[in-house]
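Please look over the structure shown below before reading on.

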Amino acid sequence: MAYHKVNADQRAQGHSPYLDNDDLQATALELEWDMEKELEEPGFDHFRLDGAVQHHLGNSQSPDLDLEPIQPSASPKGRFQRLQEDPDYISHYTRQAPKNNRCNFFQILKVFCTALIVFIFGIVIGYYSGKKCPSPPASPEPNNPHIYHEILKEIKAENIQQIYRDFLQFPREDDVDTAMKILGQWTSHGLEDVQLVNYSVLLDLPGSSSNTVTLKNSGECFYPDGLQCNRGTKTLHSQDLLYSYAAYSAKGTLEAELVDIQYGTIEDLIRIQAITNVTKKIALLKLGQSPLLYKLSLLEDAGFGGVLLYVDPCDLPKTTDLADKAFMVSLNSGGDPSTPGYASIDGSYRQHRLNLTTLLVQPISAVLAKKLISVPENTVQKDRCVPLQLPSTEKKIISLNIQSVTTYRTISNVIGYLKGTVFPDRYVLIGSHHSSLNTSSGQEWASSTAIITAFIQALMLKVKRGWRPDRTIVFCSWGGTSFGNVGSYEWAEDLKRVLQRNVVAYVSLHNPVRGNSTLHPIASPSLQQLTAENSSFLSEALFPVHATKTEELDPSFKLHETIGKLTGHVTLQIANEPVLPFNALDIALEVQNSLKVFIGDEVDASQLLVVASQLRDTAELFQSDEMRPANDPKERAPIRVRMLNDVLQSLEKSFLVQQAPPGLYRNILYRLDERTNQFSVLLEALEHYKLHQSNETIQAALSEVLNSISSAQVYFKAGLDVFETTLAGKK
């Protein structure tokens with residue numbers, strides 16, 4: 001059966017919206033009844049106004065108005081005259097002529113007035129029915145690759161560049177002002193429903209002066225970027241220095257020995273703890289290889305008092321020169337820290353948390369790291385980069401001073417909707433972030449926002465010609481991102497139930513252009529056929545990026561155009577394909593691949609592998625029996641497509657866990673990076689076993705993964721059963 005688009009809001013042409021409600025129809029019936037009562041006078045009990053009644057019904061716009069006709073009768077005068085013409089009729093009395101003339105006059109007057117009232121009433125009804133009746137909608141254009149091409153070709157480098165510069169032409173503003181500017185741009189391009197959503201949240205902002213690191217051996221004081229403390233550099237680099245800090249770190253001063261723990265892996269910790277007591281000492285930690293919050297949780301458990309973060313130059317591309325740059329990080333796992341797990345709406349209970357860790361954490365530049373470990377400036381030897389490392393024989397005592405201020409501020413999200421026609425209750429989200437009170441983050445937010453705005457511009461050109469997506473596209477610009485995705489978390493917590501039911505996918509354009517050499521898109525397992533995956537956790541460092549830097553990386557804005565078209569094409573596919581482009585079998589294969597690496601002495605994964613094999617069998621059956629026919633237009637029955645999409649939409653939800661380790665995804669399917677294939681919860685449990693020699697955590701993690709895989713298998717099986725039952729019933 002062919003698949004047809006259905007618009008639930010269609011009306012018959014010329015049909016009046018005023019006659020679609022019970023109140024108005026009741027009014028029409030009451031009017032008829034009142035008119036009859038007015039004519040029920042002595043001597044007029046059988047009066048019928050033929051012309052008036054027919055005229056009223058002819059002008060009524062209500063197809064449901066089915067009144068019983070008034071029984072035929074004649075005026076007393078006419079009846080009397082007809083009876084007089086009967087030869088058998090005997091008159092018992094006569095009337096005076098003047099009285100008969102007065103009676104005829106009043107009868108005619110009443111007939112005329114009644115007809116006039118009904119006539120005017122009919123004209124009024126007809127006028128407003130015609131005025132309010134919606135015009136028939138333009139025939140929507142079909143969704144196909146040709147339509148995608150027409151939309152995407154309107155995403156042009158020069159347009160993105162102009163939008164980018166428009167965003168930057170005003171002086172630096174706070175979060176709300178920037179959001180208003182974005183709202184104005186989106187509205188000017190024709191996006192119909194654009195909203196500003198504000199939340200009052202707890203932010204950790206830099207103090208009035210920069211944090212410092214002092215070498216006690218020499219007494220030298222340094223700012224985070226490696227420059228020595230003095231008034232000149234403090235004034236010259238005030239903004240970048242102020243925002244070179246860790247949001248939500250503990251505050252105060254700590255003087256202690258510096259301990260080099262490299263990347264802070266379990267092996268690094270075991271090695272360091274074997275040779276020294278780390279209690280209240282300051283760790284020198286490289287960013288990368290695993291999430292920062294996870295590593296900090298290990299250091300906090302080990303007893304460290306402070307942490308200096310830096311990026312080893314050997315981990316950066318050769319074309320990148322950030323050695324003398326400090327950066328900002330956030331220690332917030334997500335959302336407003338004062339309302340964990342619920343939205344920051346008016347009336348919510350607030351937990352005033354000054355910091356989210358007991359550690360004093362400070363990001364520093366690679367230049368300062370070299371000074372602290374006393375190595376030469378040039379660490380490149382014969383075209384080989386030598387990783388930074390503190391000599392084991394040296395003992396460095398440093399003083400770390402951190403001052404930041406927690407305060408409540410308003411952050412704003414900009415949310416715009418392009419309503420779909422076939423599945424308007426299914427949302428495809430595409431989002432980026434805007435300036436979030438962090439003036440030193442430069443203007444990189446304008447890069448991603450310009451791409452989304454150019455996509456909106458291209459879409460609305462097609463919308464004006466009658467096209468619309470099948471599913472609703474929701475455009476989002478988040479505030480408070482650099483403080484821990486505050487705006488996006490609060491909005492998601494605010495609309496939790498709606499989003500859990502309706503969201504199909506989220507496409508992120510966070511910092512789209514970071515270089516000009518390689519494209520690194522990331523996708524969840526069910527969407528891996530649309531993209532590839534890559535991550536290194538160096539993006540956790542928010543280096544200052546100025547407008548000139550963005551235009552140096554992409555002077556022609558061709559990279560922006562390419563990313564805009566790729567993002568737009570993926571979004572259009574998800575928003576318009578009748579069957580969602582999700583691959584059930586890829587999830588099952590991902591599960592099996594993630595389990596193979598755990599086969600060993602510490603973990604008995606045999607039961608997991610059995611359940612994973614069952615999941616693969618069910619997924620293969622689902623892929624062949626349900627998805628393949630649904631992709632054939634001849635088999636694309638609307639009810640079948642809707643049921644199938646409901647199953648596909650929730651495929652990955654079976655792998656959500658209640659509590660994930662710090663810095664790790666709640667969905668255990670999501671990899672830590674391109675080099676790590678294991679389930680994150682099992683990986684963390686194994687590391688806990690190595691550190692504490694206890695397998696209790698491993699058993700709990702195994703049980704959690706087993707339940708997730710079994711739940712997914714049952715979900716697939718239930719989907720198959722529903723399809724079989726439905727199709728059998730139809731036959």
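What follows describes the surroundings of a helix and then the lining of a cavity.

The model is predicted. Within it, helix α11 spans residues 292-302, and because eight of its eleven residues are buried, this helix is largely enclosed by the rest of the structure. The buried residues are L292, L293, Y294, K295, L296, S297, L298 and L299, and the cut-off behind that word is under 20% relative accessible area. These buried residues of α11 pack against both helices and strands, namely α10 and α21 together with β6, β7 and β8. The residue ranges of these partners are set out in the table.

| Element packed against by buried residues of α11 | Residues |
|---|---|
| α10 | 266-273 |
| β6 | 282-286 |
| β7 | 306-310 |
| β8 | 329-330 |
| α21 | 680-692 |

Just after α11, G303 adopts a positive phi of about 105°.

Four cavities of 30 Å³ or more are found in the structure, and the second largest cavity has a volume of about 50 Å³. Its lining is formed by F423, R426, R471, V504, L580, R642, N645, D646 and Q649. The elements that give two or more residues to this lining are β14 (423-433) and α20 (638-649), and α20 gives the most, with four residues. Sorted by class, the lining of the second largest cavity comprises four charged, three nonpolar and two polar residues.

Note on methods
Residues numbered from 1 in each chain as written. Predicted model: local features only at pLDDT ≥ 70, side-chain atom pairs only at ≥ 80, totals over all residues. Heavy atoms only, no water. Buried < 20%, exposed > 50% of the residue type's maximum accessible area, 1.4 Å probe, protein only. Contact = heavy atoms within 4.5 Å. 1 Å grid on protein atoms, 1.4 Å probe; cavity = no way out; pocket = protein on both sides within 12 Å on 5 of 7 lines; lining within 4 Å. Points joined across faces, edges and corners; volume = space filled by probe spheres on them. Nonpolar A, V, L, I, M, F, W, Y, C, P; charged D, E, K, R; others polar.
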